[in-house]
Protein chains: 2
Amino acid sequence: MKQYNLCFLGFGNVGRALARLLVTKSPDLREQYGIEWRITGVASRRIGWLYNDAPDGFDIPTLLSDHSLTDASSPSNGIEAWLGAARPDVVFETTSLNPGTGQPAINYLRAVLESGAHAITANKGVIVHGFNELNRLAESAGKHLLFESAVLDSAPVFSLFREALPAAKLRGFSGVFSSTTNVIIETMEAGRSFEEGLKTAQDLGVAETDPSHDIDGWDATVKVCALASVLMNIPLKPDEVTREGIRELSPRKLQAARAAGTPFKLLARAKLGGNGKLVATVRPEQISASDPLGNVRGTSLAIHFELDMMPGLTITSHRPNLQSTAYGMLADFINAVKT
Amino acid sequence: MKQYNLCFLGFGNVGRALARLLVTKSPDLREQYGIEWRITGVASRRIGWLYNDAPDGFDIPTLLSDHSLTDASSPSNGIEAWLGAARPDVVFETTSLNPGTGQPAINYLRAVLESGAHAITANKGVIVHGFNELNRLAESAGKHLLFESAVLDSAPVFSLFREALPAAKLRGFSGVFSSTTNVIIETMEAGRSFEEGLKTAQDLGVAETDPSHDIDGWDATVKVCALASVLMNIPLKPDEVTREGIRELSPRKLQAARAAGTPFKLLARAKLGGNGKLVATVRPEQISASDPLGNVRGTSLAIHFELDMMPGLTITSHRPNLQSTAYGMLADFINAVKT
């Protein structure tokens, strides 16, 4: 049995869901994996850099209720001091995304890995802009950089390739990566407006803070780049992806396409050309119900892989939610520390 | 770099496809995994128990062309003598299935594990009838018992649970596990006869030797039992599954269902009831296009998982073929020996 010091860098909805999940799964972690844990550090823009060196770390109910946090813990000053005081074995990073640079999360995770902790992130900007550097750093430190929840919520695509598909070569992939646009399109197919669709996506909690990231295809574009970087070892950047959002789609056009059995979806694609160059697109496309991605509905996400070793493999995650996103980080934690 | 002695127990279509794949992937195995290999034993009902202790083992072109096999190698007498002479590190077992007992494959694999080799099987009868015993034996011998191709061809479901979904609990699953019945149903939906559908499935090479295993739902039933045994730790036996085949489905009934948007499929289901008891069925059911299994067509296979940690996860393998089935065994080999 080993006790791990856990730290949360960012403590919004996903971080809180993960803290709750750790509590729920404590008996399984202990019995199946010999894992004990305590939370020794929590940092966010709102609460600052807090650590707690009590034997049990932070009291979780207090942490989740958010009252008197500063009474129960001590502030430190910036990432380095915080890591030094909280002494994490594992840091869960869920700070907000800067899709253009991946910062400041990349700098944070560099410090995390240099401090000797495993780095687990739900931040796709980090993967697009910092994967190669951080992965090298993790390898040289003998630590893990894991990010199963960063791209397709909890759908286990990175561990699938790492563990289940050895020596298989990925030739391309396609996917429905944006629940917001899926929800907007389906709302308009039902004869309602774009704005009503966006409102529905926001009510469901799936829209990005700035919904134009979803609507203009930026969000899906960043995901394509993250997947290409990790799974195909091709450091694709967002401006190399041909991108078109869903603003030009009218209810009439969408209804006609749906009635014809070939509805529109915002599809993301990446495919190796004969010249070895990756061609990547994010744009509305009509697909038929018999397409592997043909019945991805609502907030569900899916990815279809073309591999040298099998004709096609599709992974569909149905209506992922906060808990399933948090679970992806819990799975990363277990995989990082299990022997 | 380590050289592994490989042995083939059963050498039909899958075994031969695996031998070809090993040749194709040799450079990747060497460069990515430090794996060298030679084939030191091949056994089947037709050719007997052959071994070859030449430095390079069997000559692969000779092995695949099947001429003068006995000139190039020596016969031994039964599994024990063969294992003693061929000294395998890994044995690939692809003998023909006895779904009622899993024999003689279970006895063979017991001998394989006792001889100190990893056991890799594509035989679902082994999993249904021998998983617990063989798995304990493998653990005590410090060897691996792996079987990624035994149930859903190459769809990586066992490694997915082993590596990618730690601490997640499976509450139930459903799936389209029988390409033969899928092909027969689709042929009849197109207005042609049951016999034409069966002929098509046989021409595609997906029908079992005795097609009544597929048509009466036995094949899917054995798969349900294998999945429940491994993924849910519930040793379900075929006679505990409520089973109904597709013989009662007429073209007229199938066409009407397809026209209504809720086509029939032979669906396999297993679900934990409130009393903790597993309820399992294999029978024709109508499903809608929006169902996770709604667009599984032709020879494709799919499984949908219900987990405590995520609302639903579907894996679809599109038109698996001999090479992809062989790839599942190659992946098992790599996972068994990688450090």
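Let's start with L113(B), which sits in helix α5 (residues 105-114) of chain B. This is a predicted model, and here L113(B) counts as buried because its relative accessibility is 1%, with the cut-off for buried being under 20%. What does L113(B) touch, once its neighbours within four places in sequence are set aside? Its contacts are A119(B), L134(B), L137(B), A138(B), A141(B), K143(B) and H144(B). As for I79(B), 34 residues away along the chain, its C-alpha atom is 12 Å from that of L113(B).

Now over to chain A. Helix α5 there also spans residues 105-114, and its buried residues are A105(A), I106(A), L109(A), A111(A), V112(A) and L113(A). An α-helix has 3.6 residues a turn, so residues three or four places apart point the same way.

| Element of chain A | Residues |
|---|---|
| β1 | 2-9 |
| α4 | 78-86 |
| β5 | 90-93 |
| β6 | 118-121 |
| α6 | 124-141 |

Just past α5(A), G116(A) has a positive phi, about 95 degrees.

Finally, how do the two chains relate? Rotating by 180 degrees, with 0.0 Å of shift along the axis, puts chain A onto chain B at an RMSD of 0.0 Å. That is the relation of a two-fold axis. Within chain A, the residue closest to the rotation axis is I315(A), with its C-alpha at 2.4 Å. The copies meet through the same surface, because 100% of the interface residues of chain A are interface residues in chain B too.

Methods: Residues are numbered from 1 along each chain as its sequence is written. Chains are lettered from A and ligands numbered from 1 in the order in which they are written. This is a predicted model: local features need pLDDT of at least 70, side-chain atom pairs count only at pLDDT 80 or more; totals for chains, interfaces and linings use all residues. Side-chain values use heavy atoms; hydrogens and water are left out. Buried means under 20% relative accessible area, exposed over 50%, partly exposed in between (1.4 Å probe, protein chains only). Helices (H or I, at least four residues) and strands (E, at least two) are DSSP runs, numbered from the N terminus. Contact means heavy atoms within 4.5 Å. Copies are superposed by least squares on the C-alpha atoms of residues with pLDDT of at least 70 in both.
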